[in-house]
Amino acid sequence: MGEPMRLGLIGFGNIAVTLLGQLAGMHDAPLERLTVLCLPDSADEASARLAAEFAGASRETAVVTDVQALLADRPDMVVECAGHAAVVAHVPPVLRAGTDVVIVSIGALADAPLEQELRNAAAEGKARLILPAGAVGGIDLLAAIGQAGGLEVRYRGLKPPLAWSGTPAEALINLGALREPKTFFTGTAREAAQAYPKNANVAATLALAGAGFEATHVELIADPAAPGNVHEYSVVSPLAKYTMRIENLPSAANAKTSVSTVYSVLREIRNRIGPVSI
Ligand SMILES: NC(=O)C1=CN([C@@H]2O[C@H](COP(=O)(O)OP(=O)(O)OC[C@H]3O[C@@H](n4cnc5c(N)ncnc54)[C@H](OP(=O)(O)O)[C@@H]3O)[C@@H](O)[C@H]2O)C=CC1
Ligand SMILES: O=C([O-])CC(=O)C(=O)O
């Protein structure tokens, strides 16, 4: 059994609540304290759910609404699952304080000054900025062969029309009337991640692992026949060529987010606490 850990969570939406259920059932790699940083409007609900679903004899919980209170709880690691604005507001001070952070809203790094600020904050605090694979796979191979250069990466993100609601796609196509797949965005990973902050974090993950934000080609597609949230990409490099297609189950509480994202975060937590990292 690993050493007990003090975990901080930023956000209390779909990913955080689903993760809470997974953490509650995790006994092989124990958590001794879970501190949630949420918006003031969510604090009462978060307190009630933590008390009912997670707290116990050997588990303490706290709900806070500002980053200094989160840091005062001395978490060993913090997981951000709240969106791009929360990365901007909260992650630099946590890194500067010397605490490792897993960022789920990776597309925030498409803002080049913010990416630099996060790298500087991690260096200053001697902390690690951890970028999980999230809803996509094959990041290990991409990051490995990318070191040799010469990468060409092309990514297609297909989701059912509902998953694109509330995004700029609404102004480009009639999502409700769509009867066939429609590509509404073609561009770079930087453009995609910035225009679709809740839907194109995968494009940013591929860019950061591989060919960079400008050289990673992205297509975003609304497809009424999509069998879930689909991530397809192809890699051509001097060392390897491969294609990947992942059909992800969307979250019941947020069609934009694939459930596998939660499990990717859980993997980071287990790798941190457990005796083996894989
Ligand atoms: N890397 C990847 O592969 C993936 C990354 N993501 C990223 O994860 C994010 C979270 O996903 P999900 O949980 O499904 O989204 P949700 O919208 O369900 O949850 C996000 C929660 O964070 C809250 N929040 C917003 N701003 C702050 C803040 N400053 N401090 C604390 N809480 C805040 C939101 O409140 P309110 O609703 O009131 O704004 C909401 O409750 C997405 O926005 C996306 O950026 C998602 C899928 C895949
Ligand atoms: O969860 C997914 O399938 C991917 C996603 O939303 C993103 O890339 O932001």
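Modeller: Among contacts between residues at least 6 apart in sequence, 73% join residues at least 24 apart. The model is a predicted one, and its secondary structure comes to 10 helices and 11 strands. Buried residues account for 43% of the 278 residues. The radius of gyration is 19 Å, which agrees with the value near 19 Å that a compact globule of 278 residues would have. Along the principal axes, the C-alpha trace spans about 55 × 45 × 35 Å.

A residue counts as buried here if 20 or more other C-beta atoms lie within 10 Å of its own. Strand S9 pairs with strand S7 (residues 152-159) in the parallel sense, over 7 bridges. Within that pairing, Gly157 stands opposite Leu220 of S9. Strand S9 is also joined to strand S8 (residues 182-188), in this case by 6 bridges and with the two strands running antiparallel. Here Thr183 has Ile221 of S9 as its bridge partner. In general, strands of a sheet pair through backbone hydrogen bonds, either parallel or antiparallel.

Another part of the chain holds an open sheet of 6 strands, in the order S3-S2-S1-S4-S5-S6, with parallel pairing. Strand S3 (60-64) and strand S6 (129-130) stand at its edges; each has a single partner strand, so one side of each is left without a neighbour in the sheet. Within this sheet, strand S1 (residues 5-10) runs parallel to strand S2 (residues 31-37), and 6 bridges join them. Met5 is placed opposite Leu31 of S2.

Helix H6 (residues 139-146) packs against helix H9 (residues 201-209) at an angle of about 35 degrees, and their axes are 8 Å apart. From H6, Ile139, Leu142, Ala143 and Gly146 meet Thr205, Leu206 and Ala209 of H9. The residues of this contact divide into 5 nonpolar, 2 polar and no charged.

Finally, there is the shell around ligand 2. The residues around ligand 2 include Ala135, Lys198, Asn199, Asn201, Asn229, Lys256 and Thr261. By class, this shell divides into 3 nonpolar, 7 polar and 2 charged residues.

Methods. Residues are numbered from 1 along each chain as its sequence is written. Chains are lettered from A and ligands numbered from 1 in the order in which they are written. This is a predicted model: local features need pLDDT of at least 70, side-chain atom pairs count only at pLDDT 80 or more; totals for chains, interfaces and linings use all residues. Two strands pair if DSSP finds at least two bridges between them. Helices (H or I, at least four residues) and strands (E, at least two) are DSSP runs, numbered from the N terminus. Axes are lines fitted to C-alpha atoms, for helices over the stretch in contact, and angles run from 0 to 180 degrees between N-to-C directions. Two residues are in contact if their C-beta atoms, placed from the backbone, lie within 7 Å. Ala, Val, Leu, Ile, Met, Phe, Trp, Tyr, Cys and Pro count as nonpolar, Asp, Glu, Lys and Arg as charged, and the others, Gly among them, as polar. A residue is near a molecule or strand if its C-beta atom, placed from the backbone, lies within 6 Å of it. The radius of gyration is taken over C-alpha atoms; the globule rule is 2.2 Å times the number of residues to the power 0.38. A residue is buried if 20 or more other C-beta atoms lie within 10 Å of its own, exposed if 12 or fewer, and partly exposed in between; C-beta atoms are placed from the backbone.
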